[in-house]
Amino acid sequence: MIEWFTWLQIAVAVAAGLLCIVLGLAGRVPSDLTLGSLALVEVLLVVQLVVALVAPAFGNTPSGSVLEFGVYLVSALLIPPAAIFWALVDRGRWSTVVCGVAALAVAVMVYRMLQIWTVQQA
Amino acid sequence: MSDASDTAPAPERPGRLGGIGRVLVAVYAVLALAATGRSFVQIVQRFDEAPVAYALSALAAVVYIVATIALTRPGRTWYRIAWATIIFEFTGVLVVGTLSVVDPALFPHDTVWSGYGRGYLFIPLVLPVLGMWWLAKHRPDAAAPASEESAARSGAAS
């Protein structure tokens, strides 16, 4: 796991989450901007997946449970597509808020993944 | 506050899932996913360490999934199931939360409800309250036809 990349990813997810929640509460329906921000969150998750698969070969191994890390990563990968799908089916303002909630959930999960990889005592 | 149908091209879908209730369902879905993932890891990795706590985690995860589904379904039966699951969750977070604070030895291993859902940003404590408020405001009325009734309901929601 590359730490600076992970922090960047968390920052992007938080920014996308706040953007979607603010625009959604302001009454905007899902737009290219909000759905695009969620797509960016997903792309970064895919990059994270590749990094996590490759990193151990370069001596960058997780300190915690690989299984737990994997479950978080797979769950996180499912969230943005689900939210985007929801927003495409139901183009209401609350779908924009749902996208924001999804992005914030990803941010929390990526933070947990960082903890599992770097500072895990168990 | 304008409803989703004012700004969206598509009309409001019938069901209990109108307005901000969709956000509630989304948060429930995320919590269900998180609880399921975590209990899966706990049970696969170290079930023998704390079978009770981890079995409870799994039960909680299943109840969150049922609650998520029940919230999205119209009709009286699903309405009752939604109430039952949400009350179960609220009881769970209060009982397990209190026990884990008063006597940490009882729950040495984390469950979704330990410390009132501390590990989940207290969402397990707040969510059932919001859920009950939502259900109380959106009582299905047996007298009205289902489609009209739910349209009125989602209109009143915002």
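Visitor: Which side chain does Arg112(A) meet in a salt bridge?

Guide: Side chains of opposite charge can pair when their charged atoms come close. In this predicted model, Arg112(A) meets Glu68(A) in a salt bridge, with N to O at 3.4 Å; the term stands for a side-chain nitrogen of Lys or Arg within 4 Å of a carboxyl oxygen of Asp or Glu. The pair links distant parts of chain A, 44 residues apart, since Arg112(A) lies in helix H4 (residues 93-118) and Glu68(A) in helix H3 (residues 66-89); helices are DSSP runs (H or I, at least four residues), numbered from the N terminus.

Visitor: Is Glu68(A) buried or exposed?

Guide: Buried means under 20% relative accessible area, exposed over 50%, and partly exposed in between (1.4 Å probe, protein chains only). Glu68(A) is buried at 8%, whereas Arg112(A) is partly exposed at 24%.

Visitor: How many salt bridges are there over all chains?

Guide: The count comes to two. Asp90(A) forms a salt bridge with Arg22(B), and their closest N and O atoms are 2.5 Å apart. Asp90(A) sits in the loop between H3 and H4 of chain A and Arg22(B) in helix H2 (residues 21-46) of chain B, so the pair joins two chains. Asp90(A) is buried, with a relative accessible area of 9%, and Arg22(B) is buried as well, at 1%.

Visitor: What should I know about the numbering and the values?

Guide: Residues are numbered from 1 along each chain as its sequence is written, while chains are lettered from A and ligands numbered from 1 in the order in which they are written. Local features need pLDDT of at least 70, side-chain atom pairs count only at pLDDT 80 or more, and totals for chains, interfaces and linings use all residues, while side-chain values use heavy atoms, leaving out hydrogens and water.
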